[in-house]
Amino acid sequence: MTGLAVRRSATVGILISVMTAATSAGWSTDQPRAALETLACGLVATLLVVVGARALSRSAPTTADAYDRYGGFWIRAVALVLDDVPLYVVGLVLALAGFGAVTVPILGGLAFLYFVGLWTTAGATLGMLALGLRVVDEDGGKLSLMLAVRRFVGLLLGLACVFVGVAWVAFDKRKRGWADLLGRSLVVRTTS
């Protein structure tokens with residue numbers, strides 16, 4: 001990624017953050033606070049992406065570049081939905097069973113174990129396996145535990161910032177979202 005591309009990405013990220021903050025302020029009863037929170041989230045995420053993009057642009061080509069087929073936006077979106085279905089079912093069961101306020105922390109812990117555990121052991125979640133995708137590190141190997149944790153944090157950031165980090169996949173040359181940039185990973189197709 002060239003310096004110009006990094007600057008363009010930062011500019012687009014900042015514009016999206018400002019527009020999102022302005023829009024969310026119109027939907028909230030506490031307008032200034034909601035706008036500032038959304039703007040801060042978008043700016044921090046933009047900063048993380050720019051710093052990550054600069055670091056990645058300086059790295060030498062890796063063996064993972066040998067993959068000619070990366071997992072694109074739509075197939076990864078479907079895989080994520082497939083992965084979320086069991087979590088939704090568990091959340092519904094917990095809510096109906098009367099767990100109330102502890103449902104969210106339990107689901108967060110289960111999501112962490114599910115995604116990080118499967119990325120490190122199987123190289124893919126169940127949704128990814130069903131669609132012929134797998135996660136590899138930049139060298140083409142299995143993800144380490146630390147990279148999987150970083151990838152999970154990147155996924156949460158991408159979802160929390162109005163899905164901008166997830167949609168980033170559609171615009172990156174190697175189809176990487178914020179999770180991939182932060183976790184130094186690639187999603188590749190295993191089937192033709």
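**Core and helix packing in a predicted model**

Of the protein's 192 residues, 41% count as buried (buried, under 20% relative accessible area; exposed, over 50%; partly exposed, in between; 1.4 Å probe, protein chains only). The model is predicted: local features need pLDDT of at least 70, side-chain atom pairs count only at pLDDT 80 or more, and totals for chains, interfaces and linings use all residues. Residues are numbered from 1 along each chain as its sequence is written, and side-chain values use heavy atoms, with hydrogens and water left out.

The protein has eight helices and two strands (DSSP runs numbered from the N terminus: helices, H or I, at least four residues; strands, E, at least two). Along the sequence the pattern reads α-α-α-α-α-β-α-α-α-β. Among contacts (heavy atoms within 4.5 Å) between residues at least 6 apart in sequence, 68% join residues at least 24 apart.

In soluble globular proteins, nonpolar side chains tend to be buried together. The largest nonpolar core holds 21 residues (a core is a set of buried Ala, Val, Leu, Ile, Met, Phe, Trp, Tyr and Cys residues joined through side-chain atoms within 4.5 Å). Phe 115, Trp 119, Met 128, Leu 133, Val 135, Leu 143 and Phe 152 touch the most other members. Two or more residues each come from helix H3 (73–96), helix H4 (103–121), strand E1 (133–137) and helix H6 (145–160). H4 gives the most, with six residues. Neighbours within four places in sequence aside, Met 128 is in contact with Ala 79, Asp 83, Trp 119, Leu 133, Arg 134, Val 135 and Val 187. Another core, of five residues, lies apart from the largest one. Its members include Cys 161, Val 164, Trp 168 and Leu 181.

H3 and H4 pack at an angle of about 150°, with their axes 10 Å apart (axes are lines fitted to C-alpha atoms, for helices over the stretch in contact; angles run from 0 to 180 degrees between N-to-C directions). H3 is therefore roughly antiparallel to H4 (under 35 degrees, roughly parallel; over 145, roughly antiparallel; 65 to 115, roughly perpendicular; the rest, oblique). The crossing is right-handed (near helix turned clockwise from the far one by less than a right angle; left-handed if anticlockwise). H3 contributes Leu 80, Asp 83, Asp 84, Leu 87, Val 90, Gly 91, Leu 94 and Ala 95 to the contact. H4 contributes Thr 103, Ile 106, Leu 107, Leu 110, Ala 111, Tyr 114 and Phe 115. By class, this contact has 11 nonpolar, two polar and two charged residues (nonpolar: Ala, Val, Leu, Ile, Met, Phe, Trp, Tyr, Cys and Pro; charged: Asp, Glu, Lys and Arg; polar: the others, Gly among them). Thr 103 of H4 is buried, at 8% relative accessibility. Beyond four places in sequence, Thr 103 touches Gly 91, Leu 94 and Ala 95.

H4 and H6 pack at about 135°, with axes 9 Å apart. The two helices are therefore oblique to each other. The crossing of H4 and H6 is right-handed. From H4 come Ala 111, Phe 112, Phe 115, Val 116, Trp 119 and Thr 120. From H6 come Leu 145, Ala 148, Val 149, Arg 151, Phe 152 and Leu 155. The contact of H4 with H6 divides into 10 nonpolar residues, one polar and one charged.

Most residues other than glycine have a negative phi. Val 162 has a positive phi, near 55°. Val 162 lies in the loop between H6 and helix H7 (164–167) and is partly exposed, at 49% relative accessible area. Arg 184 also has a positive phi, of about 45°. Arg 184 sits in the loop between helix H8 (178–183) and strand E2 (185–189). Its relative accessible area is 41%, so Arg 184 is partly exposed.
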